[in-house]
Amino acid sequence: SGGRPRVSMLSRGASLLTSTLSSSSPISLRMASLLINEPKYGFLRELGLSEKNHGVFDGTWKASGPISQSINPANNKPIAEIVNGTVDDYERAISAAKAAQDMWADVPAPRRGEIVRQIGDKLRSQLKNLGHLVSLEMGKIAPEGVGEVQEYVDICDFATGLSRTYNGQIIPSERPGHMLLENWNPLGVVGVISAFNFPCAVYGWNNALALITGNALLWKPAPSTPLTAIAVTRLIEDVLKANDIPTGLCSLVCGDADVGQALTKDKRVNLVSFTGSTEIGRIVGQQVQGRFGKVLLELGGNNAIIVADDADLDMVVPATVFAAVGTAGQRCTTTRRLIVHESKYEEVLERIKRAYAQFESRIGDPLEANTIIGPLHNPQGVLKYKSTIAEAMLDGGKVEYGGKVLDDKEGNYVLPTIISGLKHNSSVILRETFAPILYVLKFKTIDEAIAINNEVGQGLSSSLFTQRIDNVFKWIGPKGSDCGIVNVNIPTSGAEIGGAFGGEKETGGGRESGSDSWKQYVRRSTCTINYSKQLPLAQGIKFE
Ligand code: NAD
């Protein structure tokens, strides 16, 4: 793996997207080698995909940009081709979204909820097919792929209910004959820029909530997961069509950073919901703020599990392994740091190493039933895995388990890795490496453990394993974890849609999905209505 040249890498990663495919081989040969033509991937055609797919939807499917291939990370073979969007295509799509929103804003919210309910049902009917596409294109195992689609279904249910209940307040007015109330209005167009690792659910969270609150959407997915975006948009298109709603309401432009940039800088995009790295999020956030647009940032994490001296280790071990190696370490909520009380350190480390060893035979094709750990998304991820481990060793780290690229396999496979012996604030630990690398650290007091949890720049997810009530309330209180997700006796990953999802500091401060996250998609109108015949001015001022 790692670094071996592959024809199919032509389209992998943002900067490679513009590579032209036309000179490499005759079209018929190129098409014949696509995975979509193999019977075992028949589900792709059931989702309406073909050998060559237009990656722009503005009510019709039409794209004029460079052609790329979507690659299967399990073997680096091309799945199908995509005609990407250009900035001109983007112009068409934003106009269509804006026009559709004009009509959509007048549809009563419960009726909008009914459309979202139908989108949920449509997704249910394709749950397995779409989940398997997520798995094939992103590289996560099939249950995780299906689980991702299920999250979209669940948020549709949530949003359907919300469409009848999201309400403003009536506030007692200090003036007689006056009514003071809040009304929530749509923002307009919500631009969604998404990351490769959740190619379906992140859009789903935005889509369901933005729709019931009366917005249109324009989606720019990650350049390496366009097929999932096309398949999802096709399902939405069917529902909108069946209800006589302009289908440009949910527009799509597959493409590179130039399309992301056009969207970020466009005043017609009232909210930019960005999910991705802190590095790009920092740029996007400042640009949107520069034009006083609204921005919702869901950026990198550097999540820790703290194991207190009284923790139940029968819970700690499976929780840690699940959260550290699940999705091959490519979740924003992956556990990257394990902070263990010194009295339990040796035992926890030994037990986790044993658990890792048991899973070694279950690394493989994400669509195989026995697989529990899939590949990294791309060869660049493998290179980062290798360089990070090399840097950790230079800093005095010891590889307790793993540390190897599985070169004998076709895809981007690596061994999940455990590293000990580093200082808690060494630079390699302070940054997010999107690979299954777990750093194990020791602590003496709970305050010290909380300080280690909080010392990283990111603030997404955190967990404490303990049975003591004083630990629990310290952890969730003002001197506890500074993350957006603060768990007790469950791991850092696996959030439910009912809660608000997101994190603090360099994670960007955004909240999506449940609780009152819908408030991100609306503007608040504070309305004072005078139904008397008097004009009492505020502060008792008289203009006589
Ligand atoms: P990335 O930042 O490389 O790309 C994200 C998206 O931004 C892609 O669609 C990309 O094309 C686009 N983009 C790139 N440059 C741009 C620019 N200049 N202007 C506008 N858009 C631009 O991230 P990635 O590698 O796809 O995803 C992995 C990262 O996402 C990790 O850091 C992970 O933690 C984070 N993530 C966070 C959450 C969360 O909810 N907090 C969820 C999933 C992933």
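Modeller: Buried means under 20% relative accessible area, exposed means over 50%, and partly exposed lies in between (1.4 Å probe, protein chains only). This is a predicted model: local features need pLDDT of at least 70, side-chain atom pairs count only at pLDDT 80 or more, and totals for chains, interfaces and linings use all residues. Residues are numbered from 1 along each chain as its sequence is written, and side-chain values use heavy atoms, with hydrogens and water left out.

Biologist: How many salt bridges does a search of the whole structure find?

Modeller: Side chains of opposite charge can pair when their charged atoms come close. A salt bridge here is a side-chain nitrogen of Lys or Arg within 4 Å of a carboxyl oxygen of Asp or Glu. Searching the whole structure gives a count of 25.

Biologist: Which residue forms a salt bridge with Arg-92?

Modeller: Arg-92 sits in helix α3 (residues 87-104), and its partner lies 34 residues away in the loop between β2 (56-57) and β3 (67-72). Helices (H or I, at least four residues) and strands (E, at least two) are DSSP runs, numbered from the N terminus. The closest N and O atoms are 2.8 Å apart, and the partner is Asp-58.

Biologist: Does Asp-58 count as buried or exposed, and why?

Modeller: Arg-92 has 24% relative accessibility, so it counts as partly exposed. Asp-58 has 16%, so it counts as buried.

Biologist: Which helix holds both Arg-117 and Glu-114?

Modeller: Their side chains meet in a salt bridge, 2.9 Å from N to O. Arg-117 is partly exposed at 33%, as is Glu-114 at 24%. They lie three residues apart, about one turn of the helix, in α4.

Biologist: Which helix gives the most to the lining of the second largest pocket?

Modeller: A pocket is an open set of points on a 1 Å grid over the protein atoms alone, where a 1.4 Å probe fits, with protein on both sides within 12 Å along at least five of seven lines; lining residues have an atom within 4 Å of a point. Among the 13 lining residues, Val-321, Phe-322, Val-325, Phe-359 and Ile-372 are the closest to the centre. α11 (313-325) and α12 (345-359) each supply at least two. With five residues, the top contributor is α11.
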